[in-house]
Amino acid sequence: MAMKRRTALLGALALAGAGTGLLVSRWNPFSVFGTGERCSFLKLAWRARSTADYQARRTTLVDGWVLSESEAELLTLLRGGDGESTQECRLDSH
Amino acid sequence: MIVSSTADIPAGGFDFTIIGSGFAGLYLAETLERAELTSLVIEQGPLDQPLNEGKGYYEIDVTGLDYLPLSERLAAFGGTSGHWAGMSRPLAPSVFEERSFLKCPGWPITYGEFASHLDAAKRWLHHTWGPSDATYDEPREGFLPGATAGLEVHNFVAAKPVRRLNGELKPWIRTSKAVHLLPSHRVVDLRLDEGGARVGEIDVVQIDASTSQRLSVNNLLLTSGGIENARLMLASGRKLGPGNPFSSKYGRTGLAFMEHPKYVGLEIYFDERFPFRETGWHDVPGGMIGLKGYTIEERLLREFKLPRFAVFPWGGADEGADVGDGIRALDRVLHGSAKRYRRSLPEFEFEQTPRDTSYIALSERTDRHGQPLARMHWTMEEDQLRAFWKSFEVFAALFSQTGSVRIRPRFADFDTFAQTAETRIQHHHMGTTAMSHDATTGVVDTNCKVHGVGNLHVAGCSVFPTADYVNPTLNIVALADRLARHLITTHR
């Protein structure tokens, strides 16, 4: 289930980020850039998803912070610490 | 009129003798005067300066949780409220209902019976503003960016500048013909008449003297605070044995002591979009200043079985807090930029549900008048602490939704919280002579008359059966108005 959700998250990021210049690099997980309308849409979609998590009290502690489960998953992706290859995390590759 | 000794008290007696000149006592005296009823107000402190701590009259023994010295309980004309910061908010309707999920009784009167006296109390305190008549609430839209369902903003208000009512009331009492004030005198005993169902006399001692004088009373109003009301009743009942009416037939006097415990449960990091300054003291219409607390909706309190509480984010704030790379990365993706944060260690102010394991009793130690000191045994039961812990968790999840804050718990788990958290206090002494339908569950009836004593009424927050989390003064005055109306009706 967790894997499915993760894949869906990755897919959502990839589709929304395609051609927008959004880049998530495993080697520099905090260098995230986004421009353009589609990227803005992506951010809004993430806000909505994250807020829905909070409302349903799907929260978790990461490094001591209270995060929604979506935020926690995104943070894991950004950090690239889940065994995924750099290629799979490069959203501009689609 | 001010009299300096019992010898100066005019013959013929008064309709009412009032013990204590705090806001409850003074409101009653002033309102009864307008109905042409006379009062003698006995105050252990002097007219101007509070009786200082060195005299030991407010010394107590503490056997439960740590309790700081009672330097905020002031024996003086105007009582502690004469030095109060003015912060004010009405009790919520829900605290009048039974909340079985908290093992919390309701009040034996309806919210409506109480709330109809709030306007009189607000006028007397010069609190002329409130977004609505019944509550001080306001919509959160437009104030809390991104706020979603579940959160509420609670307003507290105070007159600006804070009005020291004891200063305004001094000229009145100096010239009043119907109200006599006897300062620097202390009531040390209540004495039942021969029938045993009314107070016939009281013993009064000048604060620096050692021998007492006996005064007859017609009707007695006990308005000397959440500790002293119970202490004086217990001390007066001691010689009468078990089941005496002062200790209440079922031994209820002194039980169910309540405070407003405060805990710092979370670190909250506010970004630059949060209207931080407006949550501290800020101007509101009507020459008032306001203060905002954040809490969660009543339906969620019920869902999660939580007591009422609020969080005041401006407490302990500092600038430029570092949230670390992880949070900055999330900010970039979710909001487009990494924000600067301001850190706050806000206090959660909680309602304490009444329990008999918290109480005021008599100490073995006595003061220089031979009076037993009060012994405070204040405790917090595990289920109460667990409800506080759950409140941190639910509030953190909901407040995080705003997107303008990041939150971190202060304690790793419940056990660490329960064992190491500092319990802060508000110096709000409530309960101990609770209002109830009958003597098995409380001390005074719905008209604040002591069960089993025909002419003894109690006013002040010692009669609160439950206490919400809010400052008591406005609510004390509203209840004093209710009692005054009742006394005027029955004594005309």
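I began with the term pocket, which on a 1 Å grid over the protein atoms alone is an open set of points with protein on both sides within 12 Å along at least five of seven lines, its lining residues having an atom within 4 Å of a point. A volume is the space filled by probe spheres set on the points, which are joined across faces, edges and corners.

I noted that this is a predicted model, in which local features need pLDDT of at least 70 and side-chain atom pairs count only at pLDDT 80 or more, while totals for chains, interfaces and linings use all residues. Residues are numbered from 1 along each chain as its sequence is written, chains are lettered from A and ligands numbered from 1 in the order in which they are written, and side-chain values use heavy atoms, with hydrogens and water left out.

Entry on the pocket. I looked up the second largest pocket and found a volume of about 370 Å³. Its lining comprises 23 residues, and those nearest the centre are Pro105(B), Met435(B), Ser436(B), Thr441(B) and Pro465(B). I sorted the lining into 12 nonpolar, eight polar and three charged residues, where Ala, Val, Leu, Ile, Met, Phe, Trp, Tyr, Cys and Pro count as nonpolar, Asp, Glu, Lys and Arg as charged, and the others, Gly among them, as polar.

Entry on α5(B). I took helices (H or I, at least four residues) and strands (E, at least two) as DSSP runs, numbered from the N terminus. For burial I used under 20% relative accessible area as buried, over 50% as exposed and the range between as partly exposed, with a 1.4 Å probe and protein chains only. Helix α5 of chain B (residues 228–237) is largely enclosed by the rest of the structure, because 10 of its 10 residues are buried. I then looked for contacts, meaning heavy atoms within 4.5 Å, and found that the buried residues of α5(B) pack against β1, β6, β9, β18, β19 and β21 of chain B.

Entry on α1(B). For helix pairs I used axes as lines fitted to C-alpha atoms over the stretch in contact, with angles from 0 to 180 degrees between N-to-C directions. A crossing is left-handed if the near helix is turned anticlockwise from the far one by less than a right angle, and right-handed if clockwise. The axes of α1(B) (residues 23–34) and α4(B) (residues 165–175) come within 12 Å and cross at roughly 40°, and this crossing is left-handed. On the α1(B) side I listed Phe23(B), Leu26(B), Ala29(B), Glu30(B) and Glu33(B), which meet Leu165(B), Leu169(B), Trp172(B) and Ile173(B) of α4(B). This contact has seven nonpolar, no polar and two charged residues.

The axes of α1(B) and α10(B) come within 9 Å and cross at roughly 35°, here in a right-handed crossing. I counted 12 nonpolar, two polar and two charged residues in this contact.

Entry on His491(B). I placed His491(B) in helix α10 (residues 473–491) of chain B, where it is partly exposed at 32% relative accessibility. Not counting residues up to four places away in sequence, His491(B) touches Phe16(B), Leu37(B) and Asn219(B).

Entry on chain A. I read four helices and two strands in chain A, in the order α-α-β-β-α-α from the N terminus. Of its 94 residues, 44% are buried.

Note on methods: On a 1 Å grid over the protein atoms alone, a cavity is a set of points where a 1.4 Å probe fits but cannot get out, and a pocket is an open set with protein on both sides within 12 Å along at least five of seven lines; lining residues have an atom within 4 Å of a point.
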